[in-house]
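Here is a short briefing on one protein chain. Please keep the sequence and the 3D view open while reading.

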Amino acid sequence: MEIVMPPSTRQREILRLLDREGTVALSALARKLGVSLETIRRDLKPLANGGSLIRMHGAVSLASMVGEAPFERRMRENSEAKRAIAAFVAATIRDGDSIMMDTGTTTSFLARELLGHRRLTVVTNSSDIARTLATVNDNKVYMAGGELRSDNGAAFGSTAIDFISRFSVTHAIISTGAVNATGMMDYDLDEAEFARTVITRGRRTLVVTDQSKFGREGLVRVCGFEAIAELATDVQPPPDIAEAMAAAGTCLLLA
C-alpha cells in the first residue's frame, strides 16, 4: 500500500498563496518563499501529480480554479494590486481625454476606476470595457468589430485592427501576459498583434501590469520597452527588467 506523505510546510504555503492570488509565476513563488526555481519545481511536482494544481507557461494555478471562465478567474487574481494600479493610472487621466485600451483584467479594472470621469472618448476591443463606460457621463465609446472571443468577450482579427488604426488618442494603454528583460509578451498571436497596434495610436503609451507577470516567458512578442513611455505596476521590477527599462528610457509608475 502506498503511503502518501503530507505536504511540506513550504508546499502548504504555496497552496495558501495560490488560494489567495490565483495564478502565480514560478519566479514570483521562488522570490516570495526565498528559494531557488529548482526547489520550487521540486515542490510543485508532487502537487501537480496529485491534481492539486496545474502548471502553465511558467506559472501555476490551483486546479479548482481552472474550470471557471478564464476572464472571470483572472479578474480575481491579484485583484487588489490590479485595482491599485488602475486607480493610480486613472488619476493621470483628465475629463475629456481620449483613451484606447485593449482587453485585459487590469484594463477592465481601469475602466471601472474611470467611472468618475466625464466626456471620455474610449476606443477598445473589449466588450467589458465598452459596457462599463458607454452611456454614462457623456462618454463616447467606440467598439472594434471582428471575431468575438467567448473567453473574454473581446474582438480580434484584421477588422478590429483596421478599425482602431483610424484613431489617434491621448492615452494608448495595453495590458500584457508577460514582462521580461526583452519587453512585453503574450500567449496569443491575435492579442499580441492587437496590443502592438494600440501602442502606435497614442501620444502617451502605457503598459499596466501587476508583479505576477514579471519574469514570465510568453509565446509571442508584443514590443520592447523602447515602444512604450511608461509602465505602471505594483512593485519594483526585478533588476534585469528595471535595467532594460532604464536603458530604453521607460518611466516606472509604482502604484
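What does the domain assignment of the protein chain give? It gives domain 1 (9–66) and domain 2 (73–254). The model is predicted, and the mean pLDDT of the protein chain is 88. The points below cover confidence, the domain pair and the cavity.

**Confidence**
- Of the residues in the protein chain, 92% reach a pLDDT of 70 or more.
- Residues 1–5 stay under 50 in pLDDT.
- For residues 1–5 the model has 0 contacts beyond four places in sequence.

**Domain 1 against domain 2**
- The C-alpha centres of domain 1 and domain 2 are 27 Å apart.
- On the domain 1 side, 12 residues are in contact with 11 residues of domain 2.
- The size of an interface is often given as the accessible area lost when the parts come together.
- Domain 1 and domain 2 bury about 980 Å² between them.
- Carbon and sulfur atoms carry 43% of that buried area.
- Salt bridges between domain 1 and domain 2 number 0.

**The cavity**
- Rolling a probe the size of a water molecule over the atoms shows where empty space is left.
- The model has 1 cavity of 30 Å³ or more.
- The largest cavity holds about 30 Å³ of space.
- Its lining is made up of E21, V24, A28, K32, N78, Q211 and S212.
- By type, the lining of the largest cavity has 2 nonpolar, 3 polar and 2 charged residues.
- Domain 1 (9–66) and domain 2 (73–254) each supply at least three residues to the lining of the largest cavity.

Methods: Residues are numbered from 1 along each chain as its sequence is written. This is a predicted model: local features need pLDDT of at least 70, side-chain atom pairs count only at pLDDT 80 or more; totals for chains, interfaces and linings use all residues. Side-chain values use heavy atoms; hydrogens and water are left out. pLDDT is the predictor's confidence in each residue, from 0 to 100. Contact means heavy atoms within 4.5 Å. On a 1 Å grid over the protein atoms alone, a cavity is a set of points where a 1.4 Å probe fits but cannot get out, and a pocket is an open set with protein on both sides within 12 Å along at least five of seven lines; lining residues have an atom within 4 Å of a point. Grid points are joined across faces, edges and corners, and a volume is the space filled by probe spheres set on the points. Ala, Val, Leu, Ile, Met, Phe, Trp, Tyr, Cys and Pro count as nonpolar, Asp, Glu, Lys and Arg as charged, and the others, Gly among them, as polar. Domain bounds come from an automatic or database domain assignment. Buried area is the accessible area (1.4 Å probe) that two parts lose on being put together, summed over both. A salt bridge is a side-chain nitrogen of Lys or Arg within 4 Å of a carboxyl oxygen of Asp or Glu.
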